Amino acid sequence: MKFINRNKWSITGTFLRAFLMVLCLIFTINCILIFSNIIKTTKISSGNPEVFTRDFSKYIKYKGKVPYVIQEGKKQLKDKNAWIQIIGEDFKEKYSLYKIQGVPQSYNPLTLMHAYKYDINHYSIFIGESKSNNKIYSYIIGFPLEDVAKHTIVFSPLFLRKVISGGIVFLLFINILIAIIVSYLFFGRKMGKPLENIIEGIKQLSKGNYKKHYKEEGIYKDVFISLNKVNKTLNENKRQRKELDKMRDTWISSISHDVKTPLSSIKGYAEIMKEPDYSFSNEEIQEYSDIIWKKASYIQDLIEELNLTYKLKNNLFSLNKTKINIVNMLQTIIIEILNHPTYSKRNINFHCEKEVIMCFVDEGLFKRAVTNLIFNAIIHNDVNVKVDISIYEKDDVIRILIKDTGKGISKKDLQYVFERYYRGTNTSSSNEGSGLGMAIAKEIIDIHGENISIESELGLGTSIEIKINSLEREA
């Protein structure tokens, strides 16, 4: 729990620092932009009404004592939709241009100051000065209020200093506090909590716990989907590994029994034959020797199968492919099986579309694989089972189909049929077998680069199909 809390606050602290850094960066950039705009505005004097008014005196000329505005000045006023009024030292109007209604003809110091502070008939006014023959003239330029507006601010410098010294600091503290709360609620809970779950999920995976399921939502939805898939895959692998371990243990126990039984027979008959006080007839010696030979051959075959599956699994075989007539090979296999006294009365049927179908395979290994598959259909079913073997070529693919009408295989066992150590829950205990025959057959087909598949249903028999690429040629 301490680990989780430490991660939680570590993640939250990281997001909080990032959030505060972003706020500071935004504040700094905004200040730079504001001050740069102020400086830029100050430099553009043509757009400043005060500067325009102050410099407008150059457009005022005099005829005797009468002032007037030259043509360029008129154009400037027209462009700015402004008006001008020139007054003398007596505060009375001497000249006007584009003047609007409501502008007085004369002023006094109070009315002039009032007009400058506020406006005249929705026009902001600015005042300039022009001199002629030692006389001073004042001029008023009015700008539309929607274009130029003036606002008078009344404040206490003492209060302002208090605000700057204490209020802004307090406001900054409040802003930082809000940032921390927002960071915790948004980053800590919305982003930190899911990350905490992801870290905990990975920790559980490292401990071998694959059963936990996570809600697939939020900004890390794709991560949780992947995490659930990994959990599901690892959990399934764990289950299969347990099944295989169980199958292996059962297989070892069965193989130990299968080896122990013939060894007991060999040992028993050998002890009888070495008994000095008993004289054996030639028939007895022949019978006992035959039993010992069969039991020893069985153990030898079992060891050879173990050695073969080891070599196949570790790619220790180099294939010796030759061009053979696979139809002839299948016929030979069937004849050899039916010539065996134990299986001479079994019902095996062979079907082929043509007598010659050529392909490149390692004849010895491929024959071993097909023999294993046919024997599997015979020995794991009763004597009445019917086995149909078919071969045909279509679209440059040779298909060998081995189909029986036996007990079939359950869905649970079907996925393990080609696994090493599998002997099946439907297998009679009286049937001998190493549990390696089907695995060896598949491994042989695999190292040839070909395909084998199986379909089965309880009570309806089993169908195995081998596909061989007939276009393959010798290297």
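Q: Which residues of α11 are called buried in this predicted model?
A: Met438, Ala439, Ile440, Ala441, Glu443, Ile444 and Ile445 are the buried ones in α11. The label calls for under 20% relative accessible area.

Q: Why is His448 called buried?
A: The cut-off is under 20% relative accessible area. His448 has 4% relative accessibility, so it counts as buried. You can find His448 in the loop between α11 (437-447) and β12 (451-457).

Q: What makes the pair of Ile444 and His448 a polar contact?
A: A polar contact needs N or O atoms within 3.5 Å, one able to donate a hydrogen and the other to accept it. Here the backbone oxygen of Ile444 and a polar side-chain atom of His448 are 2.8 Å apart, so the distance falls within the limit.

Q: Which residues does His448 touch, leaving aside its neighbours within four places in sequence?
A: His448 is in contact with Leu319, Lys321, Val361, Asp362, Leu365 and Phe366. Contact here stands for heavy atoms within 4.5 Å.

Q: How do you know that the buried residues of α8 line one face of the helix?
A: The buried residues are Ile326, Val327, Met329, Leu330, Ile333, Ile334 and Ile337. Looking down the axis of α8, they fall within an arc of 165°, so they line one face. In general, an α-helix has 3.6 residues a turn, so residues three or four places apart point the same way.

Q: How does the reach of α8 compare with the expected span?
A: Helix α8 (residues 326-339) has 14 residues and reaches 20 Å from first C-alpha to last, close to the 20 Å expected at 1.5 Å a residue. At its start, a side-chain oxygen of Asn325 comes to within 3.2 Å of the backbone nitrogen of Val327.

Now for the strands.

Q: Why are β10 and β11 said to pair?
A: Pairing needs at least two bridges. Strand β10 (residues 386-394) and β11 are joined by eight, running antiparallel, so they qualify as a pair. Within this pairing, Val387 stands opposite Asp404 of β11.

Q: Which residues form the covered face of β11, and which the uncovered one?
A: Ile398, Ile400, Ile402 and Asp404 are on the covered face, while Val397, Arg399, Leu401 and Lys403 are on the uncovered one. In a regular strand, side chains alternate between the two faces of the sheet.

Definitions and conventions. Residues are numbered from 1 along each chain as its sequence is written. This is a predicted model: local features need pLDDT of at least 70, side-chain atom pairs count only at pLDDT 80 or more; totals for chains, interfaces and linings use all residues. Side-chain values use heavy atoms; hydrogens and water are left out. Helices (H or I, at least four residues) and strands (E, at least two) are DSSP runs, numbered from the N terminus. The expected span of a helix is 1.5 Å times one less than its number of residues. Buried means under 20% relative accessible area, exposed over 50%, partly exposed in between (1.4 Å probe, protein chains only). The arc is that of the directions from the helix axis to the C-beta atoms.
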